Amino acid sequence: LTLKSTHLFLGHQVHFLCSPGFQLMGPETRACLDSQNWSGAQPSCKSSSSSSSHRPTSISTHVRASRCIEFLDSTHCTCEQGYSISSHNSTRCTDIDECELFRLTRPGRLCLHTCVNTAGSFHCECPAGYSLGRDSRSCHDIDECARATHNCSSEQVCVNTYGGHRCVEVDCPRIRNATYIKTSPLRYDRNPCIQGDNACFQAPVSINFHFMSVVSNMSTPTILFRLSAARILGDTLRFGLLGNRGVQHFSVQRSGRLTGQLVLVNAVQGPATLELDIEMSEMERRVLLGRYVTKVTLFVSPYNF
């Protein structure tokens, strides 16, 4: 039998077996070497009843010869781990597809993302933006922002997401009758208003930007984050949501005298990007003293891990 290395890869193995009535002479297995030659000598099959011989049949790595023992007029055959006796020929072992077997017979998942069957075994793979865990089955997000492997400019803010990252620009808000100054990478404060300029006083005192990343179909209800007032001048603090894309998925709740919390109330199928504004209003005898706005952007991953 002539083997062509163009059909096989470096390190690939072939296994040999003989037809009934013949005995294998030479190595049972040969491997493809760096030299593009096969390891070991060419085996042959020798007839049990004569001196004639012929070359054995080579079989795929997904099919291997079984190891058989004759005892008390019966033959018992076994296979290597990851293989089972062929239902058609007890002298051959066929690869067990662990990925398919686990999917059909066991609850849960063998791999968190993708299971790839191999000859005698299997391995797990993760989507782009994830690394394989130490258990060789789970997937962990790669934080491109922390590793500085992102492509964001110096004017942009890098936001890590599950499976990737986003480069966002925090632009100065354009609000009529008010001007703002950037006091931190994610915050703008209103410039002082002229005395008697009620339209300016009605504009938000500050605007904060908050970016979050969550997995797809996160269980609900889930508290996403809390916000609070450093101090309060009036007698009442109110929290509310302003209409934007995806606002129906959220609720804002008071969690203390000076604190509120944003709650995800409906699961979101990713990938998706949701935006909403949370308004915190400070009141004194029902008169507005100041508005504080937090602009929230939620990046939902395509995956649930």
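Among contacts in the protein (heavy atoms within 4.5 Å) between residues at least 6 apart in sequence, 46% join residues at least 24 apart. This is a predicted model, where local features need pLDDT of at least 70 and side-chain atom pairs count only at pLDDT 80 or more, while totals for chains, interfaces and linings use all residues. Residues are numbered from 1 along each chain as its sequence is written, and side-chain values use heavy atoms, with hydrogens and water left out.

**The overall build**

- The protein has 3 helices and 26 strands; these are DSSP runs numbered from the N terminus, with helices (H or I) of at least four residues and strands (E) of at least two.
- Of its 305 residues, 34% count as buried. Here buried means under 20% relative accessible area, exposed means over 50%, and partly exposed is in between (1.4 Å probe, protein chains only).

- You'll find S216 in the loop between β20 (206-214) and β21 (222-228).
- S216 counts as buried because its relative accessible area is 2%.
- Leaving out residues up to four places away in sequence, S216 touches V268, Q269, G270, V300, S301, P302, Y303 and N304.
- A polar atom of the S216 side chain lies 2.9 Å from the backbone nitrogen of G270.

**The second largest pocket**

- This pocket has a volume of about 300 Å³. On a 1 Å grid over the protein atoms alone, a pocket is an open set of points where a 1.4 Å probe fits, with protein on both sides within 12 Å along at least five of seven lines, and lining residues have an atom within 4 Å of a point. Grid points are joined across faces, edges and corners, and the volume is the space filled by probe spheres set on the points.
- There are 16 lining residues, and the closest to the pocket's centre are A229, A230, R231, M280 and Y292.
- Two or more lining residues come from each of β20, β21, β25 (272-284) and β26 (287-300). The largest share, 3 residues, belongs to β26.
- Sorted by class, the lining has 9 nonpolar, 4 polar and 3 charged residues. For this sorting, Ala, Val, Leu, Ile, Met, Phe, Trp, Tyr, Cys and Pro are nonpolar, Asp, Glu, Lys and Arg are charged, and the others, Gly among them, are polar.

**Disulfides**

- A search of the whole structure turns up 8 disulfides, each a pair of cysteine sulfur atoms within 2.5 Å.
- One of them joins C68 to C77, with 2.0 Å from S to S. This link is right-handed, with 105° about the S-S bond.
- C68 is partly exposed because its relative accessibility is 37%, whereas C77, at 14%, counts as buried.
- C145 and C158 also pair up, with their sulfur atoms 2.0 Å apart. The torsion about their S-S bond is about -80°, so this disulfide is left-handed. C145 sits in helix α2 (residues 144-147) and C158 in strand β16 (residues 157-161), so the pair ties together parts that are 13 residues apart in sequence.
- Another disulfide links C193 and C200, at 1.9 Å from S to S. Its torsion is about -75°, so it is left-handed, and both cysteines are buried.

**The loop between β22 and β23**

- G246 is in the loop between β22 (236-242) and β23 (250-254), and Q248 lies in that loop too.
- G246 is buried at 10% relative accessibility, but Q248 is exposed at 52%.
- G246 and A272 are 26 residues apart in sequence and 9.6 Å apart in space, C-alpha to C-alpha.
- Q248 touches V265 and N266, not counting residues up to four places away in sequence.

- Most residues other than glycine have a negative phi, and most peptide bonds are trans.
- The peptide bond from T220 to P221 is cis, with omega near -5°, and P221 is in the loop between β20 and β21.
- The bond from G270 to P271 is cis as well, with omega near 0°; P271 is in the loop between β24 (259-264) and β25.
- S136 has a positive phi, near 65°. This serine lies in the loop between β14 (130-132) and β15 (139-141) and is partly exposed at 41% relative accessible area.
- N177 has a positive phi near 70°. This asparagine is in the loop between β17 (164-168) and β18 (180-184) and is partly exposed at 44%.

Definitions and conventions. Polar contact = N/O pair within 3.5 Å; in protein donor to acceptor, adjacent residues only side chain to side chain.
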